[in-house]
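Subject: Structure handover

Hello,

Here is the structure we talked about. Please have a look at it, then read the notes below.

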Amino acid sequence: MAENFEAKQSAEDAAFVERIASALRAAERAHQSFEKRLMDRVRVEGATLYPVRATSQTSWWRRERVLRISPIAGLALAAGISAIIAVSSISIGSRLSSGGTQSSATIQRASATDTVQLVRFVFVDPRASSVQLVGDFNEWTKGATSLKLTGAPGVWAVSVPLSAGRHEYAFIVNGTRWVADPLAVKSSDEFGTESSVIRVAALRKSET
Amino acid sequence: MTGSSDAELIAAVLGGDIDSFSGLVRRYQDTCARFAVRMLGSRVDADDVLQSAFMRAFRGLRGCKDPEHFGGWLYQIVVNECRTYASRQRKREQRFPSAATAIETAVAPGSEEEVDLDVGGHIERALSALPTDQREAFLLKHVEEMTYEEMAEITGVSVSALKMRVKRACDTLRGLLDGVYHG
């Protein structure tokens, strides 16, 4: 008797849910201008993000590139537990005088054809056994970008090619601990998780 | 490029043929639109969120590890964007009516507003009264007709938690719409 009641109740529930869901399954169309608006934005960023692959004879490893190394000084945390040195951005090219040097000229030539810049992220924590970098540039994928120990004890580093613009990032220490860079601008999401912000400057025409 | 696979389109974009991305947009925009509109209760908001989601996908295209399953990866981004947007909206304003108000407006014809969609305003309003996580789970399960395993992959939530959310959503909807549908 009780089983019959439960079976009947379950069938009624299923029918009720199906009635609602079938109405909600009605097709929905994106606005007719959706694709055009989107593709307008895509084309603006696309040339920088995905430049047409070079067909010249020059191998990729022989092309000149702009190297942006920004060692931000590490911050020793209280009790000497850990210190973090965050990313930085010292633009070699932009710091050169307009008069230019041989180096400057080399970098300027490179900047005309190469829009991705190498940014070095450094993290200091003598007690860390692993350090990973997550950010919008790797879709916040844990394990996608691991820092490697440098020669100095407790100093971890990795260089990442970044396109011009604003990027958010954070470190994951020992696989679980989320650490935002204390020296960088902070960004907080809706759930209160803090990450850090780095801005990679676009190379100006004048630099070329 | 309409006959090209997702992986072929992605490879073309990564190689500098930016316009190939439009093939992916055309392929997925309507499917994503249905979820976003139902989730947010507004076509205007859904449009904003989808623009943002597709741009995120475009920027992170190199991070799509399985290009043949671009759709699932994109869906993950859309779900996350909707979640963030709904959360932000909830903070800013009490956008969605309370459950009690929802049923009141559900049976009061003529009180049309932005969420009056083709499928019937009363269902949309009842749906909008659900907590975001329950609404999301209900839509993925019963409207997008995903398996719990697929839902878990997309949302990052365990199967058991998702089952609970769907059950609670169904119970709440039943309470809100019983008067309309008489069971």
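Among contacts in chain A between residues at least 6 apart in sequence, what percentage join residues at least 24 apart? The figure is 64%. Please keep in mind that this is a predicted model.

Chain A

The secondary structure of chain A consists of four helices and 12 strands. The chain has 208 residues, and 26% of them are buried.

Contact between the chains

Chain A puts 35 residues into the contact, and chain B puts in 39 residues. On the chain A side, α1 (2–24) and α2 (34–49) each supply at least two residues. The largest share of that side comes from α2(A), with 11 residues. By residue class, the side of chain A that touches chain B has 17 nonpolar, 14 charged and four polar residues.

Helix α1 of chain B

This helix covers residues 6–14 of chain B. Its buried residues are D6(B), L9(B), I10(B) and V13(B). Why do the buried residues of α1(B) line one face of the helix? Seen down the axis of α1(B), they fall within an arc of 100 degrees, so they line one face.

After α1(B) comes G16(B). The phi of G16(B) is positive, near 110 degrees.

To look at first: the side of chain A that touches chain B, with the 11 residues from α2(A), and the buried face of α1(B).

Best wishes

Note on methods. Residues are numbered from 1 along each chain as its sequence is written. Chains are lettered from A and ligands numbered from 1 in the order in which they are written. This is a predicted model: local features need pLDDT of at least 70, side-chain atom pairs count only at pLDDT 80 or more; totals for chains, interfaces and linings use all residues. A residue is buried if 20 or more other C-beta atoms lie within 10 Å of its own, exposed if 12 or fewer, and partly exposed in between; C-beta atoms are placed from the backbone. Two residues are in contact if their C-beta atoms, placed from the backbone, lie within 7 Å. Ala, Val, Leu, Ile, Met, Phe, Trp, Tyr, Cys and Pro count as nonpolar, Asp, Glu, Lys and Arg as charged, and the others, Gly among them, as polar. The arc is that of the directions from the helix axis to the C-beta atoms.
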